Each structure stands twice: as structure tokens, then as C-alpha cells.
Amino acid sequence: MTARAMQEATYLILTALASGSQHGYGIIADVSEISGGRVQLRPGTLYTALDRLRTDGLIAVDREEIVGNRLRRYYMLTTEGERRLADEAARLHANAIAALRRLRPDLAAGLA
Amino acid sequence: MSEQATLERRYRRLLACYPRAFRRENEEEILAVLLACAQDGQQRPGLAASADLIKGAMRAWLRPAPGQPRNVRMAIRLMYAGVAAHLAALVTVVATTGSVRSAVARGYPGLAAAQNSVSVNLVIDYVGLSIGIIVWLVLTWALVRGRAWARIATAGYFVSMTLSMLISVGGGSAVYAPADLSVGAVVWLIALAACVLLFTRTSGRFYCPQPRAVTPWHGTFGRL
């Protein structure tokens, strides 16, 4: 598979699921928290991404519940999803270090 | 509760833009999240949420089918570009109708025949472009789904497009404006590139999978 950069929304959704399964609304809240309030996922974007990630085998449905007559589906990372997230995190980390090494050599030494 | 019911009904109307398979799998869940995100007393979907749902629906429609080779994906994108080019041409023709008419009226004052001919040509343009849009959309729809006939039909359409262009340019029956020519050339090039991509070997495997030794009759009729 070609190593194309992952979209930020995808990366944050996978990160939200890295600590355990969550339902849609939980992912929206978690992504907002992870990004410091910068990324506010909307349901249309979220579910298009979740549907694609399921098709690609990066996430799977953990369980389903009915809460107040409404379906609540919990999603979890698959092994492939964990691997892709780890790869992407390593790539971003390496890029960040490379930039900092040139901008702020003193800081980069501590982060590498 | 009736406010929520109204909001739910309006959200469902927006969700109707998504492909049926996507809705079957996700509609109830998206609705639950949309309603959870709604403010107290909200009756109408917000502008941003509506735009997001429509964008999501477009993405869901455009998403490549699993197993679709890269060449097919690129050909399908080109087909959408062709639809966009037709739409742009149609919008331009509609928007400039007034100025074309007044230019002809200035150039040939009192000559009703010239004005009638302009009207007839404009109608031909409207109808031709509208049919073009429908044909391209149907072909794209079928190509996305891996229908083997769609590939042949696209090639056939390309050949007929080439022939009709050659006949009208060669015959000199129509005086082509530079804009007309360039739109025609762009659409023709898009169709050419799409056809080349559709007839590569990898695309061929997507549209006409080779019959397996075990099940010789399966797969000869295209994908599911």
C-alpha cells in the first residue's frame, strides 16, 4: 500500500479509538478534546469517515446498544487500524522533529 | 417532543441524499448523533450541519468500490470532470443567451431569419448539453458499479462524439466560436483519457474478471 498521508480527521478518529471503543457522539467529543477544541467533527464527516474506515478494515463494530429507542454503535480499532495509526504517528513525529531540529535545535534534542 | 420530531423529519430528508446502502447501515445512528448535537427547541438543521451532510453524501457517492483499480478510479474522476464541463457549458450558454441575441439583433437589424436561427441553435445547445449530462451521468454510474457494458458504451460514445465533431468541423456547416471549440476539445480529451484508462489491462480485470477454473461460468458477466 502506498504510504499516503492520512487526513487529519481520520488520524484523530483513530486516535480517539486507540484507548478503547467509543460511540459516534463520544468520538466527536474526544476528537474535540484531543485537538484542543480546534477540530469539531460534524456527524456527516464522521460517519462518512467511519464507513470508509470500516470498509478498509481499520475499525470494526465492537457492540451495539439501544439507548432511549436509538441505536448506539461502539467502534474499535482493528489490529490493522492500530498498525496504521502507529505508522502515521511515527511519520508525524519524525516530521515534527525534522522541522524543530532546524527551527529550535535546543528543543528538538529533548524530543527526539 | 414535536420539535424533535420536526427536526428528525428534516434531518431524514437531508439523509435521503446518501446512497441507499450507506443509509441502511448508518442512518439511525447518524440521526441519533445529530439529535444529540441539537440545541433545545431546535427545529431546523443548521446551515453548517446541512452543508456537512450534503458534502458527506457526495463523498459517499464518489467513494470507489472496494477492489476498484487505480485506473478505473481515475477514469471515473475524469467522467465526473466531463459532467462538470457539460454543466459549465450549459450554465454559460444559459447565462449568455441575452447577449448573443442582442449581438445578433445589432449585427443583423430587422433580419428575422438570423434571429430565428439563433433561437434554434440555442435550443439545440440546451437539449444537446442536457442529453450529454444525462449520458455521462448514466455511464459514470454504471462504470462505478463495474458494469462491463458501460465500458463498451463509453467507447462507443467517444467514437460517435469524435465522428460528429469531425463531420461538423470538416463540413464547415457551423461557425465555431473559440469558446465552443475549446469546450468541445476539453470534453473530447477527457473522454479520450477516460477510454484509454478504462481499456488498460488492470481495468479489464475489474470489468471482465477471468473465469476461474473451478467455476467456469462465474465472473463472465461482470462483477456482482
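In what order do the elements of chain B run from the N terminus on?

1. **Chain B, the overall plan.** From the N terminus on, the elements of chain B run α-α-α-α-α-α-α-α. The count is 8 helices and 0 strands. Please keep in mind that this is a predicted model. Every value in this note was computed from it.

2. **Chain B, burial and contacts.** Chain B has 224 residues, and buried ones make up 21% of them. Now take the contacts in chain B with a separation of 6 or more. Residues 24 or more positions apart account for 72% of these.

3. **Chain A, the overall plan.** Read from the N terminus on, the elements go α-β-α-α-β-β-α-α. Buried residues make up 28% of the 112 residues in this chain. Among contacts in chain A with a separation of 6 or more, 38% come from residues 24 or more positions apart.

4. **The sheet of chain A.** What is the order of the strands in the open sheet? The order is β1-β3-β2, with antiparallel pairing. The edge strands are β1 and β2 of chain A, and each pairs on one side only.

5. **Pairing of β1(A) with β3(A).** Strand β1 of chain A covers residues 22–23. Its antiparallel pairing with β3(A) runs over 2 bridges. Trace them residue by residue. A:Gln22 has A:Tyr75 as its bridge partner in β3(A). For A:His23, the bridge partner in β3(A) is A:Tyr74.

6. **Pairing of β2(A) with β3(A).** Strand β2 of chain A spans residues 59–67. It pairs with β3(A) in the antiparallel sense over 8 bridges. One bridge to find on screen joins A:Ile59 to A:Leu77 of β3(A). The two strands form a hairpin with 2 residues between them. In this hairpin, A:Gly68 takes a positive phi near 55°.

7. **A glycine to check.** A:Gly26 lies in helix α2 of chain A, which covers residues 24–34. Is A:Gly26 buried, exposed or partly exposed? It counts as partly exposed because it has 17 C-beta neighbours inside 10 Å. The cut-off for buried is 20 or more, and for exposed 12 or fewer. A:Gly26 and A:Tyr74 are 48 residues apart along the chain. Their C-alpha atoms are separated by 9.2 Å. A:Tyr74 is also the β3(A) residue that bridges to A:His23.

8. **The largest nonpolar core.** This core has 33 residues. Which of them touch the most other members? They are A:Ile13, A:Leu14, A:Leu17, A:Val31, A:Leu46, A:Leu50 and A:Ile59. Both chains supply the core. Elements giving two or more residues are α1 (8–17), α2, α3 (43–55) and β3 (70–77) of chain A, along with α1 (2–15), α2 and α3 of chain B. The largest share, 6 residues, comes from α1(A).

9. **One core residue up close.** Look at A:Leu46. Leave aside its neighbours within four places in sequence. A:Leu46 is then in contact with A:Gly24, A:Ile27, A:Ile28 and A:Leu41.

10. **A second core.** A separate core of 22 residues includes B:Val187, B:Ala191, B:Leu197 and B:Leu198.

11. **Where the chains touch.** How many residues does each chain give to the contact? Chain B gives 21 residues and chain A gives 15. On the chain B side, α2 (20–37) and α3 (47–62) are the elements that give two or more residues. The largest share of that side, 11 residues, comes from α2(B). By class, the chain B side has 12 nonpolar, 2 polar and 7 charged residues.

12. α3(A) and α2(B) pack at an angle of about 145°, and their axes are 10 Å apart. The crossing is right-handed. From α3(A), the contact takes A:Pro43, A:Tyr47 and A:Asp51. From α2(B), it takes B:Phe22, B:Glu25, B:Asn26, B:Ile30, B:Val33, B:Leu34 and B:Cys37. These residues divide into 7 nonpolar, 1 polar and 2 charged.

Notes: Residues are numbered from 1 along each chain as its sequence is written. Chains are lettered from A and ligands numbered from 1 in the order in which they are written. This is a predicted model: local features need pLDDT of at least 70, side-chain atom pairs count only at pLDDT 80 or more; totals for chains, interfaces and linings use all residues. Two residues are in contact if their C-beta atoms, placed from the backbone, lie within 7 Å. Helices (H or I, at least four residues) and strands (E, at least two) are DSSP runs, numbered from the N terminus. Ala, Val, Leu, Ile, Met, Phe, Trp, Tyr, Cys and Pro count as nonpolar, Asp, Glu, Lys and Arg as charged, and the others, Gly among them, as polar. A nonpolar core is a set of buried Ala, Val, Leu, Ile, Met, Phe, Trp, Tyr and Cys residues joined through C-beta atoms within 7 Å. Axes are lines fitted to C-alpha atoms, for helices over the stretch in contact, and angles run from 0 to 180 degrees between N-to-C directions. A crossing is left-handed if the near helix is turned anticlockwise from the far one by less than a right angle, and right-handed if clockwise. Two strands pair if DSSP finds at least two bridges between them.
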